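Here are my notes for you on this one, written as numbered points. Keep the picture open while you read and look up each residue as it comes along.

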Amino acid sequence: MRNVDKMLPSLGKYGIWGAILVAAGFCLQSVAWPLGEAEAAVAIPAPVKDEAPTTSRTETAIFAGGCFWGVQGVFQHVKGVTNAISGYTGGAAQTANYEAVSGGDTGHAESVQVTFDPQQISYGQLLQIYFSVAHNPTELDRQGPDSGTQYRSAVFPLTESQQQVAKAYIAQLDASKRFPKPLVTRIEENGHFYPAEAYHQNYLTLNPDQPYIVVNDFPKVKQLQQLFPTQYRADPVLVN
């Protein structure tokens, strides 16, 4: 749904009719987005199992949950998060670019690398926001209007501790029956993160009137504020 811009450089070989078809497709998408409806957040309990207290002031986590614009935008509004970068995780370095990943066969997922202060917010609390607000963990290889393996729900633990917490929390949420369907979130080991292109960074903040953002992503930030008022920050921490 977000890939019309990628088609524009190749219009020359299709001539004027190609341009007309792409323009028509873009118009249809622009009409469809405002008529859609954002995913509803789900109020869920905090994880029973979390990481042990630490004296460290910096930790990194990687989450994938559909389009990275919204996931990044949510975490940028979380207190204790010091950076949140959109990127690609799960595939090889040579295919870590938007053009290749959009094909859906690189193994990459659109993801967000979150750097946070564990003295202010724990990994388990970030997982709670991720499952509750940032995306719908019951949708397989899709989120909202976007479909494909690059939009899968996946957690990429960077430590054994993170892996144990994520695994236990998924089991806890499934047992709680808070979601209408079982979670499909995968715990994946290939956690090498590749930052996305500059124009994808801070996309929600820089493009507040973009129809996709208005319909699909701003509601997530609002839900973060409503469900997690003590973790919400009004001013997002942006990528330099």
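1. Let's begin with G66, which sits in the loop between β1 (59-65) and α3. Helices (H or I, at least four residues) and strands (E, at least two) are DSSP runs here, numbered from the N terminus. G66 has a relative accessible area of 1%, so it counts as buried. Buried means under 20% relative accessible area, exposed means over 50%, and partly exposed is in between (1.4 Å probe, protein chains only). Leaving out residues up to four places away in sequence, G66 touches E110, Q143, Y151 and R152; a contact means heavy atoms within 4.5 Å. Also look at A109: its C-alpha atom is 8.0 Å from that of G66, although the two are 43 residues apart along the chain.

2. A quick word on what you're looking at: this is a predicted model, where local features need pLDDT of at least 70 and side-chain atom pairs count only at pLDDT 80 or more, while totals for chains, interfaces and linings use all residues. Residues are numbered from 1 along each chain as its sequence is written, and side-chain values use heavy atoms, with hydrogens and water left out.

3. Now the overall view. The protein has eight helices and eight strands, and 49% of its 240 residues count as buried. Take the contacts between residues at least 6 apart in sequence: 80% of them join residues at least 24 apart.

4. Next up is α3 (residues 68-76).

5. Who packs against α3? One partner is helix α8 (residues 211-227): the two axes come within 9 Å and cross at roughly 25°. That makes α3 roughly parallel to α8. (Angles under 35 degrees count as roughly parallel, over 145 as roughly antiparallel, 65 to 115 as roughly perpendicular and the rest as oblique.) The axes are lines fitted to C-alpha atoms, for helices over the stretch in contact, and the angles run from 0 to 180 degrees between N-to-C directions. On the α3 side, W69, G70, G73 and V74 make the contact, and α8 brings Y212, I213, D217, K220, V221 and L224. Sorted by type, the contact residues are six nonpolar, two polar and two charged. For that sorting, Ala, Val, Leu, Ile, Met, Phe, Trp, Tyr, Cys and Pro count as nonpolar, Asp, Glu, Lys and Arg as charged, and the others, Gly among them, as polar.

6. You'll find H200 in the loop between β8 (193-195) and α7 (203-206), and at 1% relative accessibility it counts as buried. Not counting residues up to four places away in sequence, H200 touches F68, W69, Q72, S86, Y88 and Y98.

7. Move on to helix α5 (residues 123-134) and helix α6 (residues 160-176), which pack at an angle of about 45° with their axes 10 Å apart. That makes α5 oblique to α6. Y123, G124, L127, Q128 and F131 in α5 meet Q162, V165, A166, Y169, I170 and L173 in α6.

8. Which residues touch the most other members of the largest nonpolar core? They are F63, F75, Y123, L126, L127 and F131, out of 48 residues in this core. A nonpolar core is a set of buried Ala, Val, Leu, Ile, Met, Phe, Trp, Tyr and Cys residues joined through side-chain atoms within 4.5 Å. α5 gives the most to this core, with eight residues. Apart from it lies another core of eight residues, including I62, A109, A154 and F156.

9. D141, in the loop between α5 and β4 (142-143), has a phi near 55°, a positive value in a residue other than glycine. D141 is partly exposed, with a relative accessible area of 24%. K177, in the loop between α6 and β7 (186-187), also has a positive phi, near 60°. K177 is exposed, with a relative accessible area of 66%.
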